[in-house]
Amino acid sequence: MELITKNIFRLLCLISILTTLGESHEWQTDQHLRKSRSIKDALPKDDEYSQSRVITDMRHKIFSLENSMKKVTGEVEQLSKQNEDIEQSMLEQKTLVEKIDTEFSGLQKLLSTHSDLLSDIEKITSPAENLFALSNQTCGGVLVGQSGSIVFSRSSSTTGSRNPSSCVWTVRANNRAVIKVSTHASYRTSYSSHLNTYVLEIIKPNVTGRSNSSQPLQTKISKLQKSMHHVFAGPSIFIVTSLVTQIDIDLHIQFEGMGKLVEKDTFFTHETLQSSSGSFHSNELETWSPSLLAKLDDNTNYTLDHTTIVVSNFCTKVHLQAAIGNGGCSNVESFMVITDVMENSTVVTDCCKTNCEGKNSLINYDNPFVILITKKFQRPFDFNLTWKSDPPYPSSSNSRSGLASQCGEILGGTTGTIMYKPHVSYRNSERCVWVIVPQPRPRSSIVINVGTNGIESTYDHLYMVELTDVNGAELSDAPRITRLGRYGTYEALSREVYIVFYSDSSVSGYGFSLTWRATGEFINTGNDVTTQFTIFKMDDGSATSMSRKSTFTSNFYQVFIFTPVVPTTYSYGLQLQLNQTLPVATGNDCIHEEFSIFTAVDGLLSKATLKCDDPGVALLQNADGLTFVVMNSQNASSEIAMNFKWRQEFGKGNSTDVVVEDDNCGGVIKGERGVLKYKIGTDYVNNERCVWLLHSPNSTNITLKLLKDGFESCCDSLLVNTIDPENGSLRNDTVPINRSNRTRTFDESVLVIVFRSDSSTRGKGFAIQFSSGGNNPNPRYSYKLRHRADPYGTIDYPSSDWGDGDQSAKNEILVIASSLQIGAEDDPFTMPTNMSWSLGTFKKANQTCDYGSITFYTTPEPDGWLTREKFPNPNDTTLCPDVVNVPAKKNICSTIFSAFLAVFKPIPAEPNSDNETSFRFTYEKSAGCGGVYIGNTGEISYKEDGKYANSEKCIWLVEVPQAETIAFTLERNGFEDCCDYITVSPVDAFNGVQSSSVVISSDNRTTSIKGPVAIVTFSSDSSVTGSGFRLSFRIETQLSSDLPYTYNLVHHNQPRQNEFSYQVEPNQVVVVAFSPESHRLYYSSGTTQLTLASFRPQVNESCYSDSLFVYDVYGRRDRALVLTKTFNASNAVRDETFIAQRAASNCTVFGDGQFNPCENIGECGDTPLGSIFRTNTTSFLAVYSSVNVTGGLRFRGFVLTSVTN
């Protein structure tokens, strides 16, 4: 190109010279002609006066002309010479032009020769090709472009879990022969020697770069250096960055395609699979789809498919198998799998020539797999990839905290720290096991360095356990135990090591800290082994088919470690059942010989021998609650499967210590022996009622022994009752356990234990020992026990929680107990629990008139529990119906201190899907001083098992729909008749509370009032108090027609400030009551200030208006409810002229113009005259009645606020 440019320039210069010379020659000729004309014009004409002179002058002029002609002739000769020179020059230029023409022909040939190169350049710059590819903060991927950049960073401070070991980017620079890779200056780590970033090249032996060669591929690994340019063979490379160390990474790499276009006849496909385990089938390659390939414009130019697949995202050992489908590799030139891409040398396996399935699967230790598939274009080929990595166990080198601090864990990585309570006291009966498994691959040595160690040296233990050698073979002296002392260094020559911490049930100490590291050579065991470690931290559970033959290896090593969850339950011991399901055991076979069992005796592991009562079924009992089950299968040809089932207790003679701490007031205890400890050394609170259900299912009797007590002997006590399984009831056999009666034996397997404290002096807690006796439990009955500690709830039967309803084959007695946690500031006298019956259906037994039944019992007193309701009752079963339906009943009983017991005894009956036994009841903690009751029947139960306070003023609103009259009956009472009493008052729809109230007392237990709404009050004076009452109500006579108005009843008991805002409809009665909780300090002597913040009534044609009546609860026998304020239209509208005009019979409705403009009733602010007033007590009642007028007012109603002082 440079030569062509120079010749063109020379040609242009020559043409310019020739043009100039031609123009000069024409100018000179023109000048000669002009001179000739001047001579001719200079000759004179005839003159008669001077002929001679003229002749003389002529001669002179001729002479002069001759001289001039001579001069011109010389010039012409000179010009002729110049013309000859020009002709010669033009001949030379013609030769030069001919030469230039020849060179142009050569240029055309040169351009034709490089037409392929121009086509490649045109393809590279085509919009269809990627010019730039970017990977920004993505760990791996596919980048296809003429150039591109990889930006990736990771901070060690933000690393919180095990990371993949590497990031792999597949780079193809638009099929260029060379790829230049440049590292940015920021390419760094905290310790550059630990960062390994490699480029994997795929090199073909034929240097021409043609893709149809059948010769084997070669690989080359090159490490990138900081701030350097690197050149690699194209068209594809793989950039691999190691992440195995916990350091900062800041990676910035640029790449660029260079050189000629290669492998134009190859169709490329790139895939990246980032998953620790998974599978991939060839039909998932979209670019192999025939329908997609048919759409390619230039698919006829392709002869080969070249597919790359990167499988990554591992941090442990991983197996990969490649299964070649039907037809084998007939259409494939190669199926290469590259492993160890971050080692000094890679391993390349052609799975078309080598079996890569099953036990022959390929192994990588935390490295990615790079798969290269070359096949003929559009030829069918099936393959399936399956890979699975070992589970990544937590590692200190990859965890944010850098240490393991919980009780027991599986630890991976290469180094770590265990720091367990080094500066605080550990608890009694702790069992912690840490399993150290070096990852990604085992080493020949694990070194333990102990730092602090403050455990009790005599009975508590810290030791390491080795079970196998470095090759996985069980040690002859397994378990090999090495005690770990303070500041000691220990070495385990094993593939994994176990750190065990054990504390007994007495004196405790401080914990410990240690570090570990995997050292030595990598272990190469020949045949690979699949390992798995599992710690079961649960008191009761099961595991199904836990041990199975590995898919990828013939050797399988699996360890199961059993430890209960809560330290205090370790003393329950462990009962573990092993059931071998594969291979099926026969004859005298016990458990497969590949299983080994290690159990703890006084905290130290030893090998145990199993005994089987049935083939393949073994039962293991261990008092320490710590067991190892090891399955070590070498070259197993058959599948092995084992099921486990375990529970926390296992029979007689074993400790089941139960420690109840803080405010865990009650619960369920199941075991044969143990100790119940409650608040030993700490103060319990007043008025506690704690209920425990103790069950020893394998015994016929239970003995209790009081070991330690700190409670007040005169007034606080432990009470014990038994349950009669024949009747399904709580026996009235209350036995106190105290210092004078420390030991007592009860001939039942279930005990109800109650701790009760009075309201005065407090004391310390207690410890009571229980032990079971006999071995012949009643086979006719079993128990299901539940304890509730929530303030409210619903009990359904049948339900998964409290019986499944299938009682035809068994007689399971269901017992539920409730006892709340009571704080030091709580006053249980004012917080009873009300129980309500929602529904119940009971079916009789086969051929008898016996029914299942449920009985309720409430707060135990020193002489025992109080029996309350029983469903169904004798009246329900008199006629012996097939099914008894017990209707809903509100407030069936109320229990002070929120403690109750319910016992349900089912009766086996013929199955009947339509009428199976079922029931529901609810319980709710409530202040109780007032409320709303709606129904045809009901009960108001208020503190009937407890004491009410002085100066109480409680209001209940009762509505019995469609009742013309309502009957009230005082069922039970304990209040002072002289001075404390109940009143009942009727409510008229438009005139408020009517007539004087009826007083209910021991002398006047029943009354009947006009319905359908009544106001019930309870008032106590300021002196003597007693227990509460139960008042029932029912419909006595029914209305003959529906009422034209409706009621809305509302009751509040807190807070100190309230707002009652109601927008009413025509013919509506709103009844609002406020009676605060009796334990509020402001209750006894306070008052309430009321403000009618807005009042917008309506008037009908008869001049009757909406009205609001406010009543004060005086608490006097003759003045229970006293009218304090009345409001109507005359109070609301201050325009006297307007009122006077509508005082006649032609009254018309109010409109919005008579009131303030507003957008809702709460913001109207229409305060009437006398809107602020005060009651004499804290409790009050308000009744708003609306007349039957529609329209006129956009907002109609009232806003009443109250502040109790």
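Me: Why does C612 count as partly exposed?
Reply: The relative accessibility of C612 is 24%. Buried means under 20% relative accessible area, exposed means over 50%, and partly exposed lies in between (1.4 Å probe, protein chains only). The value of 24% falls in the middle class, so C612 is partly exposed.

Me: What kind of model is this, and which residues and atoms count?
Reply: This is a predicted model, in which local features need pLDDT of at least 70 and side-chain atom pairs count only at pLDDT 80 or more, while totals for chains, interfaces and linings use all residues. Residues are numbered from 1 along each chain as its sequence is written, and side-chain values use heavy atoms, with hydrogens and water left out.

Me: What makes C590 and C612 a disulfide?
Reply: Their sulfur atoms are 1.9 Å apart. A pair of cysteine sulfur atoms within 2.5 Å is taken as a disulfide, so this pair qualifies. The torsion about the S-S bond of C590 and C612 is about 75 degrees, so the disulfide is right-handed. C590 is in the loop between β33 (574–582) and β34 (595–601), and C612 is in strand β36 (residues 612–614), so the pair links distant parts of the chain, 22 residues apart. Strands are DSSP runs of E of at least two residues and helices are runs of H or I of at least four, numbered from the N terminus.

Me: How many disulfides does a search of the whole structure find?
Reply: The search finds nine. One of them joins C139 to C167, with the sulfurs 1.9 Å apart.

Me: Why is the disulfide of C139 and C167 called left-handed?
Reply: The torsion about its S-S bond is about -100 degrees, so the disulfide is left-handed. C139 lies in the loop between β1 (132–136) and β2, and C167 in strand β4 (residues 166–172), so the pair ties together parts that are 28 residues apart in sequence.

Me: What is the handedness of the disulfide of C351 and C356?
Reply: The S to S distance here is 2.1 Å. The torsion about the S-S bond is about -95 degrees, so the disulfide is left-handed. Both cysteines are buried.

Me: Why do β2 and β8 stand at the edges of their sheet?
Reply: The open sheet of five strands has the order β2-β4-β10-β7-β8, with mixed pairing. β2 (141–144) and β8 (218–223) each have a single partner strand, so one side of each is left without a neighbour in the sheet.

Me: What makes β7 and β10 a pair?
Reply: Two strands pair if DSSP finds at least two bridges between them. β7 (residues 197–203) and β10 (residues 236–242) have five bridges, in the antiparallel sense, so they pair. The bridge partner of E201 in β10 is I237.

Me: Why is R441 said to sit over the ring of Y365?
Reply: A charge sits over a ring if NZ of Lys or CZ of Arg is within 6 Å of the ring centre and within 35 degrees of the ring normal. The charged end of R441 is 3.9 Å from the centre of the Y365 ring. R441 also lies over the face of F522, at 4.4 Å from the ring centre.
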